[in-house]
Amino acid sequence: MEAVSRTAQWTAAARALESEREDRLFHDPYARTVAADTGFALLERYAGAGTVPFLAIRTKYMDEAIVRTVAERGIRQVVFLAAGMDTRFHRLPWPDGVTVYELDRPALLEAKARMLAGEPAPAGRTRRSVAVDLTGQWTGALKEAGWRSEEPALWVVEGLLFFLTEESVRTLLATLSDSSAAGSVLVGDLISRAALDNPLSRPFLSALDEDGNPWLFGTDEPERLLEDSGWSPHEVKQPGEEGADFGRWPYSVPPRQVPGVPRSFLFTCDLRTTEEATS
């Protein structure tokens, strides 16, 4: 697979380790399969900087946000952008009638399909893989796969935005809002600018760079970025804060007003209404 796609196996390996803990936050029985040897080798290479507890917390946070949103909003279109080796189609309790769209590069989707070829699709739900380049034009391919722009969607942007340039991030988020019907929701994660040059993370960041997967974008104002892109943040949480801790985060959480702190952000947003946009 392409270098950027291999990081999906790294995060799958982290999910596998969490799933095998007695006090696990979630159970992903497919994670070890899709991680393969590559994922565990990368997990060792990228060790440090709190990556393993963060990945467990991020998975748990997004699992809960996805299940809650679909149940409470009645959304039946769920779109995973840069789906990677995500296995939520198989493991989450989806209501009947949900269609899950998984967008990613062709090589990754093909590799994932081979790895999960023996796993039966759960009843009552549909999965559609859509091979795209998310830095280019991709909404047409999504429509061809059956996505309906006139109906609300849940967009999941997990582990993607820090690999993009700021221009690509803003374009992607704006494309999502411009393409969304009323009632749509966005769930995802971001990092702060300081996370890009944190001395404690230098070995991790250097390894990513050497492997062709540099982190490129961070923001200290995630709420403003999301609002500027057509989204109204419902919540923005850092690992370790209430609702994004789960007993896993081993570090203190400095207040947001303290500058220069490496941070990760987990967010859930609603599509901005016309009234909000003009106020």
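Analyst: Happy to! A word on terms comes before we start: buried means under 20% relative accessible area, exposed means over 50%, and partly exposed is in between. Please also keep in mind that this is a predicted model.

User: Thanks! Is Ala36 buried, exposed or partly exposed?

Analyst: Ala36 sits in helix 2, which covers residues 31-45. Its backbone has a positive phi of about 55°, although Ala36 is not a glycine. The relative accessible area is 28%, so Ala36 is partly exposed.

User: And what is the relative accessible area of Ala82?

Analyst: Ala82 has its place in the loop between strand 1 (77-81) and helix 4 (88-91). Ala82 has a positive phi of about 55° and is not a glycine. Ala82 counts as partly exposed because its relative accessible area is 22%.

User: Let's turn to the aromatic rings. How is the pair of Phe162 and Phe163 classed?

Analyst: The structure holds nine aromatic pairs. For Phe162 and Phe163, the centre-to-centre distance is 5.3 Å and the angle between the planes is 55°. Planes under 30 degrees apart count as stacked and those over 60 as edge-to-face. The pair of Phe162 and Phe163 is therefore classed, by the rule for the rest, as tilted.

User: Which has a relative accessible area of 5%, and is it buried or exposed?

Analyst: Phe163 is buried, with a relative accessible area of 14%. The residue with 5% relative accessibility is Phe162, which counts as buried.

User: How many residues apart in sequence are the parts tied together by the pair of Phe162 and Trp215?

Analyst: The ring centres of Phe162 and Trp215 are 4.7 Å apart and their planes stand at 45°, so this pair is tilted. Phe162 lies in the loop between strand 4 (154-157) and helix 7 (166-178), while Trp215 lies in the loop between helix 8 (202-210) and helix 9 (222-228). The pair therefore ties together parts whose separation in sequence is 53 residues.

User: Which residues form one aromatic cluster?

Analyst: Phe162 and Trp215, both buried, belong to one aromatic cluster.

User: What about the second largest pocket: which helix gives the most to its lining?

Analyst: The second largest pocket has a volume of about 170 Å³. Its lining includes Leu134, Trp138, Ser168, Thr171, Leu172 and Thr175. By kind, the lining residues divide into four nonpolar, seven polar and no charged. With four residues, the helix that gives the most is helix 7.

User: Last one! Leaving aside neighbours within four places in sequence, which residues is His90 in contact with?

Analyst: His90 is found in helix 4. Its relative accessible area is 8%, so His90 is buried. Leaving aside neighbours within four places in sequence, the contacts of His90 are Tyr30, Leu116, Glu119, Pro120, Pro122, Arg125 and Arg127.

Terms used:
Residues numbered from 1 in each chain as written. Predicted model: local features only at pLDDT ≥ 70, side-chain atom pairs only at ≥ 80, totals over all residues. Heavy atoms only, no water. Phe/Tyr/Trp six-rings, centres within 6.5 Å; stacked < 30°, edge-to-face > 60°. Buried < 20%, exposed > 50% of the residue type's maximum accessible area, 1.4 Å probe, protein only. Helix = DSSP H or I, 4+ residues; strand = E, 2+ residues; numbered from the N terminus. 1 Å grid on protein atoms, 1.4 Å probe; cavity = no way out; pocket = protein on both sides within 12 Å on 5 of 7 lines; lining within 4 Å. Points joined across faces, edges and corners; volume = space filled by probe spheres on them. Nonpolar A, V, L, I, M, F, W, Y, C, P; charged D, E, K, R; others polar. Contact = heavy atoms within 4.5 Å.
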